[in-house]
Amino acid sequence: MSTTLFRTIQPNHFTLLTTALLRTRTKTSRHISVRCQTSTTTQQPRTSAPKNHGSNKLDEILKDYEAVIGIETHVQLSTSTKAFCSCPNSYGSHPNTSICPVCMGLPGALPVLSSKVVDFGVRLGLALNCSLSLKSKFDRKQYFYPDLPKGYQISQFDVPIASGGYVDVDIPLEFGGGHRRFGITRVHMEEDAGKLLHSDAGDYSQAMIVDLNRAGVPLLEIVSEPDMRSGVEAAEYGSEMQRIVRYLGVSNGNMQEGSLRCDVNISIRPIGQAEFGTKVEIKNLNAFSAMSRAIDYEITRQALLYNQGQADKIVTETRLWDEGAQKTVTMRKKEGLADYRYFPEPDLPEVILTQEYVDSIRASLPELPEAKRRRYEAMGLGIQDVLFLANDVSVAEYFDEVIGKGADVKSAANWLMSDIAAYLKNEELSISDVKLTPHELAELIAAIKDETISGKIGKQILFELLAKGGTVQGMIKEKDLITDPVEIEKMIMKVISESPKQLEQYRSGKTKLQGFFAGQVMKMSKGKANPALLNKILLEKLNAKE
Amino acid sequence: MATRALLAVVTASPPRMIQIKASTFSSSLKFQRHITTIARSFSSDTNPSVLQPPDVSRLAETARISLTPSEIEECGAKIRQVIDWFGQLQQVDVSSVEPAIRAEMEGGNLREDAPETFENRESIRASIPSFDEVYLKVPKVLNKE
């Protein structure tokens, strides 16, 4: 099964490109299909040759070894304040301006938990089908590092707010399709550390610099079960995490901004072996495509060592993904596991949830991506359409509104996926910026359906409405469409007289030529003839005279 | 309460039976029961004299506190006393008591998500010796602990 999966990846690298063209890129640089975007813009010269080799190599490897992959995701919450103090939580502020004694860890300052963080934690836990701990607590995770003002991170160690859940995903068609369910071990609340950067002063050997704006920003950490078996599955899990947090509105899920961070834990084992192999952690992944490639690379690296009888060279370590070199590299090897000396945070009380509170949040959850995908499938849409429409919550809402006004489902999907998506990509807009309202799109679809206007005119109207807004009815009037039967008849007669040969062919049985005549009339009228009238009169004329 | 406090002391002293790491959690562990099993295992069959002496040098290292050899000895004895005291608490039979997460009962005390700018940020920055107009300067760090 997994070999088929990989066999389809490399040859289809360029179908990735075409599907990428159909996906929108929003103004806020939200990537709808991150894996397509990054791989096309940065990797084109490099990946065509080696990847083909890689694919066959990977197939061979996967005949003998199974990869076991788990992912830890850190989600930065889009709250207005930090987790334990009221400092503003806003990306991009001037360094070290969003600080106070609490997040700076000054003596005597005490943390106070934000109610919003609990709300978001419950929301995400429910969305991931977890059991919630009605009572949970915070713990101190102690270590020394320049971006950690208190010398410890307030986190949840042994009693997280949510645990034991799962997520259902759809693997994209180009990778074999199919449904998968991945387990979620736990979700817990914690705070972020500051940012440690290299100083620009060129003096790399002496100093680094710290910006503490981010210290104390609330995070939700999601730990998955080691259920993924390939780079493709891992990337789809990551994408679904991004989709879910955006659907819920708990985070903007931008990997580039760092509001969604994924670390991968991967080991391989010979097929049939029950024990797990040695686990390696991979960090510094900036996109889902990078995640997929890093995993493929690591599987290959580890299998090679196994095959050479050097499996003991695989050690528990953290490796970084080097995007330039397209390989994982060792960070300095750790000398043993870290000892964080966890103990319960004495400055914070228990987090207590009532059943009513949980139920009210559950009732207010939006329709989640999985439910949307199943509903769209049930409407008769193909899986490709389903995956596109459900990917971005704003696009899905737009689509739902359009069909809510009675528009034909397939037409609405087609318009959104092709012309509208292309427009959004060109103009670098998001669906929420567009001037064509769902109501007008529904009108447009109806007008084409009942043959008030031709498809061609429909497209013209679409572009004008996208750019300038307005109404379909208004456009139709403006376009000066020809709806006078007398005029249309005149044009029909002219075309018929100019095409005697085709007329004869039609009369002798080639009724498909009606399309030819219709096309000629359309050409003559520059597309303005009313299609319904045209066809009605044309048919009369073609079948009548003798 | 005693069992949790013991957890804290035990995690600070040298690795004994169970080194608790987040990475060892798997779906088979239920967290509440986990605390109970740890608590039970500590409270059942150990007696004070069996508890290992604290590795004070290692403790001092992890807390980044430098101690002279005589201080290590002194501290060692005092810490040993505290551990022995918890060893006495272990003798109590708590097999019929559900472990509590925390001592107090109320919980709550949550804050509204309304931003406030701390007025005296300038004095915070001014009190940092290595602050350099915009950033804190720190020595170059190669590896997380």
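Modeller: In this predicted model, the side chains of Arg180(A) and Glu233(A) meet in a salt bridge, with 2.7 Å from N to O. Arg180(A) belongs to strand β7 (residues 179-191) and Glu233(A) to helix α5, so this contact ties together parts of chain A that are 53 residues apart in sequence. Arg180(A) has a relative accessible area of 18% and is therefore buried, the cut-off being under 20%. Glu233(A) is likewise buried, at 6%.

A second pair joins Glu298(A) to Arg319(A), whose closest N and O atoms are 3.6 Å apart. Here helix α6 (residues 288-307), which holds Glu298(A), is linked with strand β13 (residues 317-322), which holds Arg319(A); the two residues are 21 apart in the chain. Both Glu298(A) and Arg319(A) are buried. Salt bridges with shared partners also build one network, whose members include Asp170(A), Glu236(A), Glu240(A) and Arg243(A).

Arg229(A) and Glu66(A) form a further salt bridge, with 3.2 Å between the closest N and O atoms. Because Arg229(A) sits in the loop between β10 (218-224) and α5 (231-248) while Glu66(A) sits in strand β1 (residues 65-76), the pair connects parts of chain A that are 163 residues apart in sequence. Arg229(A) is partly exposed, with a relative accessible area of 24%, and Glu66(A) is also partly exposed, at 28%. Over all chains, the structure holds 40 salt bridges.

Note on methods. Residues numbered from 1 in each chain as written. Chains lettered and ligands numbered in written order. Predicted model: local features only at pLDDT ≥ 70, side-chain atom pairs only at ≥ 80, totals over all residues. Heavy atoms only, no water. Salt bridge = Lys/Arg side-chain N within 4 Å of Asp/Glu carboxyl O. Helix = DSSP H or I, 4+ residues; strand = E, 2+ residues; numbered from the N terminus. Buried < 20%, exposed > 50% of the residue type's maximum accessible area, 1.4 Å probe, protein only.
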